[in-house]
Amino acid sequence: MQIRWIFLPLLFFLMSSCGNKEIEGNDAVFMANVYLSNNHCDLALTELTKVDPNFYNFYYYQALASAKACKANYSVLNFIDEIDDFTTTSSFFNFLAGLASSNETIPTSENFNHLIDAINSILFLKSVDKPKFSDRLTLITNRSQAEELSLQALIMIFVYLGKWLNLYGDTNDNGLKGTNVLCLLAYSTEASSFLNPAERASLLGNAGTCLPASTASSPLLPFGSDSTRDSLCNFIVYFNHLRDLTSNITLSSHSSMGELSDAFTVMESYVISAEVAFPGISSVLNFFNLTSCRNFYDSNNTAKKNIHAFMAGVIDKNFL
């Protein structure tokens, strides 16, 4: 009996200690949000280091992604304002490339890198091998919170894809490709794309800026370089996440996002048409982390061909 009484104070101490750490974590998240409201990104990130990993929760992850996005000069409010300009007659890809936030001049800009860091801090909550919405839901068990966090990632992915398309497409203020970049990749050079004339014709058709015989491709995406592989894989991974997120988030419940529901329907039609033209594209739609895409690209020329076919039939055909 005496031994029990000896351990009771220790038990109370441990319970009190855990309670204090949880309170300290909540205070740190609150202060991080205060710093973010004044655009003090680094102070917010420093504050979040005080949160004990045992008490990482929805509010912590939300603040962490916001703090990292803050360093990318990203503003969700500006993006939501621009959504009002979207119409179903617009090309979804040109719309993204024409966003004010899409103006980028170099592939290695800090804005790009910080935005990737912010997106990944949400996508890979569980692990890099389990990055899909269903995986996230096992950690953030509250469905509405899991959707809210995923919506935060989705909006940042829009901004990332817009920056990517703007940069590599050399687009103007309206998101239209520059005359020096008719196609993102050099599809007409069979040694680079591995696509023969019939495959190019099937994927690209005879309309738009990127035609089967077009030779003006992005100088920032030369065939055979690791940087090109990584740039393509980043785009593909986030495109696949966009599809996963939009199929799991009820956009109609978010008034600011409802206008884009039709855009996702159109985007899916792009994917379906491209898969009919080139079934190998289906293999490209399964990459949800950069490593899996890189390994696939490096594995053989057939894999490269599938990725180039995806870029031609899904993206370039519909990116004017």
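**Pockets and helix pairs**

The second largest pocket has a volume of about 220 Å³. A pocket here is an open set of points on a 1 Å grid over the protein atoms alone, with protein on both sides within 12 Å along at least five of seven lines. A lining residue has an atom within 4 Å of a point. The volume is the space filled by probe spheres set on the points, which are joined across faces, edges and corners, and the probe is 1.4 Å.

Some ground rules. This is a predicted model, where local features need pLDDT of at least 70 and side-chain atom pairs pLDDT 80 or more, while totals for chains, interfaces and linings use all residues. Residues are numbered from 1 along each chain as its sequence is written, and side-chain values use heavy atoms, without hydrogens and water.

Thirteen is its count: 13 residues line the second largest pocket, and P107, T108, Y168, S231 and N234 are closest to its centre. Helices α6 (110-123), α8 and α11 each supply at least two lining residues. Helices are DSSP runs of H or I with at least four residues, and strands are runs of E with at least two, numbered from the N terminus. The largest share, four residues, comes from α11. By class, the lining has seven nonpolar, five polar and one charged. Nonpolar means Ala, Val, Leu, Ile, Met, Phe, Trp, Tyr, Cys and Pro; charged means Asp, Glu, Lys and Arg; the others, Gly among them, are polar.

Now the largest pocket. Its volume is about 530 Å³. The lining has 19 residues, and S66, Y74, S75, V76 and Q152 lie nearest the centre. Two or more residues come from each of α1 (2-37), α3 (58-70), α4 (76-83) and α8 (143-169). Which helix gives the most to this lining? It is α3, with five residues. The lining divides into 10 nonpolar, eight polar and one charged.

Next, helix packing. Two packed helices are described by the angle between their axes and the distance between the axes. Axes are lines fitted to C-alpha atoms, for helices over the stretch in contact, and angles run from 0 to 180 degrees between N-to-C directions.

Start with α8 and α11. They pack at about 145°, with axes 10 Å apart. The crossing is left-handed: the near helix is turned anticlockwise from the far one by less than a right angle, and clockwise would be right-handed. The contact (heavy atoms within 4.5 Å) includes W164 and Y168 of α8, and S231 and N234 of α11. It has 15 nonpolar, five polar and no charged residues.

Then α11 (226-246) and α13 (290-299). Their angle is about 130° and their axes are 9 Å apart. The pair is therefore oblique. Under 35 degrees counts as roughly parallel, over 145 as roughly antiparallel, 65 to 115 as roughly perpendicular, and the rest as oblique. The crossing is right-handed. In α11, R229, D230, L232, C233, N234, I236 and V237 meet L290, C293, R294, Y297 and D298 in α13. That contact has seven nonpolar, one polar and four charged residues.

Last pair: α10 (197-204) and α14 (301-315). Their axes come within 8 Å and cross at roughly 40°. These two are therefore oblique as well. The crossing is right-handed. On α10, E199, L203 and L204 make the contact; on α14, K305, A309, A312 and G313. The classes are four nonpolar, one polar and two charged.
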